[in-house]
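The following exercises are to be worked with the sequence and the structure in view. Each task is followed by a solution in steps.

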Amino acid sequence: MTAEQLISFARGAPSLDIVDVEGLKAAAARAFDADPAGVTAYGTSVGYLPLRKWIADKHNVSPDQVIVTNGSLQADAFLFGHLVKPGDDVVVEKPTYDRTLLNLQNLGAKVHQVTVQPDGIDVDELRTLLESGVRPKLAHIIPNYQNPAGVTLSAEKRRTLLALAAQYEFIIFEDDPYVDIRFRGEPLPSMLSQDTDNLVVHASSFTKTVCPGVRVGYLVGPAALIDAIAKKATNLYISPGMVSEAIVHQFCVSGDIEKSVQTVSAALGERARVLAESIRKHIPGATFTEPDGGYFLWVDLPEDIDVDKLFPAAMKKGVAVVKGSDFLLEGGRHSLRLAYSAVTVGQIDEGVRRIADAIEEVRG
């Protein structure tokens, strides 16, 4: 199967047709013209200072509460590395981002997965876990269009999580790279914006709104925490990439970021709608929650379908998927994560039809 024939629902990345290449080229020229010394220098470990200020203003915090990182995954790694020691209890969602699981396991954390419902993490299950005596160092939450489940945390559950964090003294890590890619409904206030007790650390990224290649994300938290992480970052790499961060800054201050968000949201909204229609048409018995934004749709297949068998069968038919079991400590053997960000509308129905054919093959 050639790359041209392969239809991939595997990678959470935007297709080239929705990346503002011309806008980025213009932003790059402006960055070098406006600040050649700053763009070409080492910089500081907290990132390109004008972008740091722009991010601080966006979140209504002080710049000393922000560190700009090499994507949001590095923001995750910095926070986990700073807070989590071997044997520490940590709460994550069930399912959750596969690299979150991997990073926490590599640190020796004791990971507790709490079920995700159509409106986000099951706060009653979390409360029961806390009442049993578990005292997590942090709870990792992806509140908007969760990866991989595609669901959004309700306003009520956001408030409940803040109350539980205050009562049981744990950090909420609000990992929010998809927040701006909304194509249905109204935006909800972040937990960071409602935090009165310094209990929330927030991460996001320009990967989904600008392009993955810039590798620019950030972490927002209490100034003392950010300062401690910045000192470790200095020892790690002196400074992150000033060129890419300066380009992102120019892209943001020009207003191109808003146009890019509109383009991406409109395109992915159409792709998500077509994907849902195709699943209903071709895979009877599949269940899923339609996302309000983001990149992913999680599908629970009939229980006689084992994704360990489905995965290679689908690849042979020219369609790539990700197994649900990749996002869980246990279970997920009948589930798939489908990313609709990198497929065109014209590919989606054919891709789902190939998955349906592979299902019939492994079922038979």
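**Exercise 1.** Is tyrosine 295 buried or exposed?

*Solution.* The model is a predicted one.
Step 1: the relative accessibility of tyrosine 295 is 0%.
Step 2: the cut-off for a buried residue is under 20% relative accessible area. Tyrosine 295 therefore counts as buried.

**Exercise 2.** Classify the aromatic pair formed by tyrosine 178 and tyrosine 295, and locate both residues in the chain.

*Solution.* Step 1: nine aromatic pairs are found when the whole structure is searched. In the pair of tyrosine 178 with tyrosine 295, the distance is 6.0 Å centre to centre, with 55° between the planes.
Step 1: planes under 30 degrees apart count as stacked and those over 60 as edge-to-face, the rest being tilted. The pair of tyrosine 178 and tyrosine 295 is accordingly described as tilted.
Step 2: tyrosine 178 belongs to the loop between β7 (171-175) and α8 (191-194), while tyrosine 295 belongs to the loop between β10 (287-288) and β11 (296-300). The two residues are 117 residues apart, and their pair links distant parts of the chain.
Step 3: tyrosine 178 is also buried, its relative accessible area being 6%.

**Exercise 3.** Why is β7 described as largely enclosed by the rest of the structure, and with which strands does β7 pair?

*Solution.* Step 1: β7 has five residues and four of them are buried, so this strand is largely enclosed by the rest of the structure.
Step 1: β7 pairs with strand β6 (residues 138-141) in the parallel sense, over four bridges. Within this pairing, phenylalanine 173 of β7 is the bridge partner of histidine 140.
Step 2: between β6 and β7 the chain passes through helix α7 (residues 155-168), and this β-α-β crossover is right-handed.
Step 3: β7 also runs parallel to strand β8 (residues 200-205), joined to β8 by four bridges. Here aspartate 175 has alanine 203 of β8 as its bridge partner.

Definitions and conventions:
Residues numbered from 1 in each chain as written. Predicted model: local features only at pLDDT ≥ 70, side-chain atom pairs only at ≥ 80, totals over all residues. Heavy atoms only, no water. Phe/Tyr/Trp six-rings, centres within 6.5 Å; stacked < 30°, edge-to-face > 60°. Buried < 20%, exposed > 50% of the residue type's maximum accessible area, 1.4 Å probe, protein only. Pairing = 2+ DSSP bridges. Right-handed = clockwise from strand over helix to strand, strands pointing away.
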